[in-house]
Amino acid sequence: QEQLVESGGGLVQPGGSLRLSCAASGFVFSVYDMSWYRQAPGKERELVAFISVAGNSTRYAGSVRGRFTISRDDAKNTVALQMNSLNSEDTAVYYCNARHFVRFGIEYWGRGTQVTVSS
């Protein structure tokens with residue numbers, strides 16, 4: 001069964017850092033583009049960061065560029081999101097997404113991990 005499990009969320013003070021991780025199982029991880037999305041209360045889910053198969057390409061939302069870094073480890077079937085200089089606007093539930101690199105209709109979602117930035 002295909003599964004994505006996020007971890008690493010929590011409460012952090014403004015200016016702090018967190019590292020999210022997503023563990024994949026049940027599918028061939030290396031042929032999936034991976035992304036992190038987030039959804040804040042009352043807002044739509046938005047793309048935060050994207051990494052293509054083999055890590056050849058990355059993209060970031062403008063609001064996180066220069067602060068967040070996405071990476072993948074195909075040997076461990078994991079994707080990570082390093083988040084630095086966090087602020088209150090980064091408070092959201094963060095979701096891991098896997099999308100087949102050619103068959104775009106095949107995609108999977110994790111259940112999310114809560115990130116709260118507050119003093």
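The legends below describe close-up views of a predicted model. Local features need pLDDT of at least 70 and side-chain atom pairs count only at pLDDT 80 or more, while totals for chains, interfaces and linings use all residues. Residues are numbered from 1 along each chain as its sequence is written, and side-chain values use heavy atoms, with hydrogens and water left out.

**View 1. The disulfide between C22 and C96**.
One disulfide is counted, the criterion being a pair of cysteine sulfur atoms within 2.5 Å. C22 and C96 are joined with an S to S distance of 2.2 Å. The link of C22 and C96 is left-handed, with -85° about the S-S bond. C22 sits in strand β3 (residues 18-25) and C96 in strand β9 (residues 92-100), so the pair links distant parts of the chain, 74 residues apart. Strands (E, at least two residues) and helices (H or I, at least four) are DSSP runs, numbered from the N terminus. C22 is buried at 0% relative accessibility. C96 is also buried, at 0%. Buried means under 20% relative accessible area, exposed over 50%, and partly exposed in between (1.4 Å probe, protein chains only).

**View 2. The open sheet of four strands**.
The strand order is β1-β3-β8-β7, with antiparallel pairing. Two strands pair if DSSP finds at least two bridges between them. Strands of a sheet pair through backbone hydrogen bonds, either parallel or antiparallel. The edge strands are β1 (3-7) and β7 (68-73), each pairing on one side only. From one strand to the next, the twist averages 15°. Axes here are lines fitted to C-alpha atoms, for helices over the stretch in contact, and angles run from 0 to 180 degrees between N-to-C directions.

**View 3. The pairing of β3 with β8**.
Six bridges hold the antiparallel pairing of β3 and strand β8 (residues 78-83). One of the bridge partners in β8 is Q82, which faces R19 in this pairing scheme.

**View 4. Positive phi at N77 and S85**.
N77 has phi near 55°, a positive value in a residue other than glycine. The loop between β7 and β8 holds N77. N77 is partly exposed, at 25% relative accessible area. S85 has a positive phi of about 50°, and is not a glycine either. S85 is found in the loop between β8 and β9. Its relative accessible area is 42%, so S85 is partly exposed.

**View 5. The salt bridge of R67 and D90**.
Four salt bridges are counted in the model. Each is a side-chain nitrogen of Lys or Arg within 4 Å of a carboxyl oxygen of Asp or Glu. In the R67 and D90 pair, the closest N and O atoms are 2.8 Å apart. R67 lies in the loop between β6 (58-60) and β7, and D90 in the loop between β8 and β9, so the pair ties together parts that are 23 residues apart in sequence. Both R67 and D90 are buried.

**View 6. The salt bridges of R38 with E46 and R72 with D74**.
E46 and R38 approach to 2.7 Å between the closest N and O atoms. R38 is buried at 5% relative accessible area, whereas E46 is partly exposed at 33%. The side chains of D74 and R72 meet at 2.8 Å, N to O. D74 is partly exposed at 30%, and R72 is buried at 16%. Salt bridges that share partners join R38, E46, R67 and D90 into one network.
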